[in-house]
Amino acid sequence: EPIVIKFSHVVAPDTPKGKGAAKFEELAEAYTNGAVDVQVYPNSQLYKDKEELEALQLGAVQMLAPSLAKFGPLGVQDFEVFDLPYIFKDYDALHAVTKGEVGKMLLGKLEDKGITGLAYWDNGFKIMSANSPVITPDDFLGLKMRIQSSKVLEAEMNALGAVPQVMAFSEVYQALQTGVVDGTENPPSNMYTQKMNEVQKHATISNHGYLGYAVIVNKQFWDGLPEDVRAGLDKAMAEATDYANGIAKAENEAALEAMKAAGTTEFHEMTEEERATWVEVLTPVHDEMADRIGAETIAAVKAATGG
Amino acid sequence: MSALIIFGLLIALMLTGMPISISLGLTVLTFLFTMTEVPIDTVALKLFTGIEKFEIMAIPFFILAGNFLTHGGVAKRMINFATAMVGHWHGGLGLAGVIACALFAAVSGSSPATVVAIGSVILPAMVAQGFPKQFGAGVITTSGALGILIPPSIVMVMYAVATSGMQVPGPDGQIVDSASVGELFMAGVVPGLMLAGFLAFTTWYRARKFGYPRLAKANFGARWTAFREAIWGLLLIVVVIGGIYTGIFTPTEAAAMSAVYAFIVAVFVYKDMKLKDVPRVLLSSANMSAMLLYIITNAVLFSFLMAHEGIPQALGEWMVNAGLSWWVFLIIVNILLLAAGNFMEPSSIVLIMAPILFPVAVRLGIDPVHFGIMIVVNMEVGMCHPPVGLNLYVASGITRMGITELTVAVWPWLLTMLVFLLLVTYVPAISLFLPHLLGM
Amino acid sequence: MLRLLDRAEEILIVWLIALATVIIFVSVVHRYSLGLSADAVAFFRTHEMPALSAAAKTFYFGLRSINLVWAQELCIILFVWMAKFGAAYGVRTGIHVGIDVLINRLAAPKRRFFILFGLCAGALFTGIIATLGTNFVWHMAHASARSPDLELPMWLIYLAIPLGSSLMCFRFLQVAWGFARTGELPHHDHGHVDGIEEEAGIDDLGEAFLSSPLTPRDLVEKPKDE
Ligand code: NA
Ligand code: NA
């Protein structure tokens with residue numbers, strides 16, 4: 001009887017996360033010589049975005065890859081550091097954290113909640129889109145910007161002068177189309193797969209924030225696995241992580257090209273000065289959120305990125 | 001195998017007459033507990049998260065708005081307006097009843113509510129004027145069904161909720177998104193007006209054939225007065241549809257706005273309702289909403305069980321492999337839904353059947369919006385025929401006619417609706433024309 | 001004592017639905033006014049009226065400092081609570097519909113059995129859910145999860161499940177007991193509208209649903225129309 005690992009996620013099988021999960025399934029079963037049977041449930045088939053963490057804690061599923069923003073409400077607000085605008089200069093800075101000691105330290109904070117963190121999977125850096133040009137912070141005055149629930153993102157939009165609007169991801173397309181909200185922020189691949197470029201006239205390649213996931217398992221389940229099985233799974237996870245991150249980066253680049261080619265959205269490349277203004281307006285959010293996230297955590301991340 | 005056990009258990013429990021929500025819940029509990037390793041605590045989690053969605057909240061808001069309108073004199077003024085416009089044609093008051101039902105349907109999300117609101121005012125008036133009771137009952141029972149086809153519509157919200165987030169591949173392998181509440185509302189406009197036209201035609205034709213009374217033609221002054229008095233109710237149509245379309249609010253917000261608007265019109269403009277009546281309206285709205293939300297939570301639980309056992313996928317696989325074409329599938333769906341309409345009310349049918357049928361429909365290349373409208377029209381027909389036809393029972397209460405007698409009375413209009421159902425089923429453009437025009 | 005519980009239940013659900021409506025109304029008006037004042041800023045700016053533009057801007061930021069980002073979340077929580085307690089109230093008013101076509105054709109003793117069976121099944125299901133829900137809330141109370149926008153403890157929010165289900169279980173038992181003693185069931189009349197029938201000269205619509213297969217029949221009244 002192989003050990004069953006139910007791996008549930010909320011996106012389609014052909015997204016970077018979906019492909020990463022499939023890769024892990026393949027590698028895990030190979031490296032453990034069939035001692036485990038990984039069953040991937042995509043598309044929130046079993047558990048929705050809002051309930052999957054509880055389902056993991058109850059032991060209804062063994063493995064998840066939720067977005068990092070989910071850990072704040074769980075009681076580990078340190079993870080909100082990933083939402084801070086302009087905290088990572090580029091992928092190298094990001095990976096210095098997610099593949100280094102700081103990343104491991106953060107995952108360790110989940111142990112209290114009955115969760116073991118295994119790896120970070122990238123989605124990508126977010127760009128800002130709206131139905132009017134959003135080139136300077138001044139352009140945001142009065143814009144209703146959709147965000148996912150997060151105090152940090154709320155502060156970010158407030159700093160820009162916009163009106164933050166919390167809305168479920170599934171409602172965003174319709175809301176952008178009718179104009180209930182004016183704009184939003186997304187990595188290019190999300191924007192493209194949700195066809196948001198059809199309903200957004202302008203976008204600025206701001207790369208102002210990061211969107212990523214953590215692959216997590218039920219701690220009790222994980223600790224109960226035989227040593228050799230766990231070693232095999234660790235190896236499979238390390239390879240699946242590199243694979244998933246590689247696809248994510250490539251898909252974001254391809255999505256951006258595809259949207260430019262579609263021509264429904266005008267993409268603005270930031271100049272150095274423009275970027276400097278955004279950084280100036282947005283970095284005060286780091287201090288504003290320091291009490292929430294923990295000044296030490298922010299400092300540790302900044303130290304790791306050399307920023 | 002598990003599908004047989006699940007459905008066998010569900011049907012057995014339902015036939016004992018216990019509430020449908022309870023039969024759904026007990027089926028899930030029994031199956032999960034005896035046949036799976038799913039931690040049973042998950043059920044408690046699902047019972048909360050099952051309705052934790054902003055889209056669903058449109059239901060209580062629309063029910064509240066509908067109750068304010070029904071109690072607040074809006075229906076009466078809409079009838080006066082419709083009578084002033086078409087009362088002098090063949091069919092007179094009957095025709096006005098169809099129009100008034102269509103107008104009221106555009107502000108209310110429920111069919112029985114439409115039958116009550118319009119029927120309880122217009123039916124006695126028709127009898128007094130010399131129409132046979134059967135004629136009036138037939139008109140109102142069927143026209144009231146427009147309540148769920150012309151937006152807003154609680155059944156459309158249910159369909160959107162039951163299929164939301166399902167990502168199913170179409171015939172070419174591309175993922176097809178489920179229909180949103182906004183799209184369905186826009187898609188309901190053209191079929192709704194069309195069905196109103198069909199029912200009006202049947203009414204006019206039979207009234208002419210049997211020489212039923214007509215009213216004197218209202219002069220321009222009278223029409224203007226009737227319009228001015230009805231304007232507050234009519235404006236709500238603009239608030240809901242216009243508000244959603246222009247992006248002032250989402251469908252759920254539109255529902256909340258219309259509840260507040262209807263409250264103000266009922267209490268402060270028409271003054272047909274006193275402030276002290278408000279808590280009673282709130283209580284009865286909460287009662288009805290809670291019942292529907294309770295069915296939703298248990299239906300969500302049930303579709304979790306279905307997904308866990310892979311039943312919709314297996315069914316889809318089987319149907320596609322059997323070489324089923326889309327039009328045969330739609331016949332089967334129509335028969336299945338009409339049969340279900342003999343035993344259950346629309347919300348339960350949609351919540352249980354939609355998640356199972358939707359993946360198959362999409363794989364066969366049927367548009368999710370078109371499929372939703374077809375289901376809604378099916379539900380309308382089901383509400384007008386026995387043994388379980390909510391509209392029929394409401395009309396029976398108003399007219400004091402027996403169900404058998406009423407069933408005979410509604411047949412010309414029911415036949416009209418069946419013809420219309422065929423049209424909607426096989427001419428997707430009727431449903432899709434407006435949403436496509438609006439770029440949805 | 002029971003009277004007090006009845007009243008408390010009614011008052012609670014009335015407030016929940018009223019509050020949810022007002023909150024969404026206010027948040028829509030708030031968002032719309034923000035849009036308008038931002039338009040005003042732009043209008044005065046393009047027409048070179050800096051003073052007015054600045055005033056509009058001050059107004060905009062003042063208005064925006066009222067934070068209503070949590071409105072949706074609160075609305076959902078209020079409605080979930082309303083749904084759980086309203087469902088219990090619904091048992092008392094007999095609004096939960098089932099398929100009674102079959103059992104309404106049975107002779108009285110058998111019908112009595114099935115009606116009691118249905119009520120006990122209701123009590124059983126809600127009783128189980130109350131127990132599971134208590135476990136679940138207990139587990140949640142030891143975690144520190146909070147709701148994302150309002151940051152309320154999740155266990156407090158989920159408390160609706162054990163509380164609502166317990167009350168519902170109690171209501172099922174109450175109705176079953178009443179039925180066993182008197183043979184009467186609470187009836188919900190889906191077609192009933194207060195206020196309209198009197199002036200329109202129509203009798204009470206109460207009977208509409210008594211003869212509907214959607215509501216189980218009492219033993220004390222005879223089925224009609226069959
Ligand atoms: Na309607
Ligand atoms: Na029926």
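Predicted model: local features only at pLDDT ≥ 70, side-chain atom pairs only at ≥ 80, totals over all residues.
1. Overall form of chain B. The chain is built from 20 helices and 2 strands, and its radius of gyration of 22 Å is close to the 22 Å that the globule rule gives for 440 residues, so chain B is as compact as a globular protein of that length. Taken along the principal axes, the box filled by its C-alpha atoms is roughly 70 × 45 × 45 Å.

2. Burial and contacts in chain B. Of the 440 residues in this chain, 65% count as buried. When contacts between residues at least 6 apart in sequence are considered, 79% of them join residues that are at least 24 apart.

3. The sodium site. The sodium ion (ligand 1) is coordinated at 2.2 to 2.4 Å by the O atoms of B:Ala105, B:Ser108, B:Gly147, B:Ile150 and B:Pro152. Read along the sequence, these donor residues follow the spacing A-x2-S-x38-G-x2-I-x1-P. Of this set, B:Ser108 sits in the loop between helix 6 (92-105) and helix 7 (111-129) of chain B, whereas B:Pro152 sits in the loop between helix 8 (133-143) and helix 9 (154-163), so the pair ties together parts that are 44 residues apart in sequence.

4. A serine in helix 16. B:Ser348 belongs to helix 16 of chain B, which spans residues 346-363, and with a relative accessibility of 0% this serine counts as buried. Once the neighbours within four places in sequence are set aside, B:Ser348 is in contact with B:Ile20 and B:Ile295.

5. Cavities. The structure holds 5 cavities of 30 Å³ or more, and the second largest cavity among them contains about 80 Å³ of space. This second largest cavity is lined by 13 residues, of which A:Pro73, A:Glu80, A:Ser149, A:Ser150 and A:Arg292 are the closest to its centre.

6. How do the residues lining the second largest cavity divide into nonpolar, polar and charged? The lining comprises 3 nonpolar, 5 polar and 5 charged residues; the residues closest to the centre include A:Glu80 and A:Arg292, and both Glu and Arg count as charged.

How values were computed:
Residues numbered from 1 in each chain as written. Chains lettered and ligands numbered in written order. Heavy atoms only, no water. 1 Å grid on protein atoms, 1.4 Å probe; cavity = no way out; pocket = protein on both sides within 12 Å on 5 of 7 lines; lining within 4 Å. Points joined across faces, edges and corners; volume = space filled by probe spheres on them. Donors = N, O, S within 2.8 Å, 3.2 Å for Na, K, Ca; no water. Helix = DSSP H or I, 4+ residues; strand = E, 2+ residues; numbered from the N terminus. Rg over C-alpha atoms; globule rule 2.2 N^0.38 Å. Buried < 20%, exposed > 50% of the residue type's maximum accessible area, 1.4 Å probe, protein only. Contact = heavy atoms within 4.5 Å.
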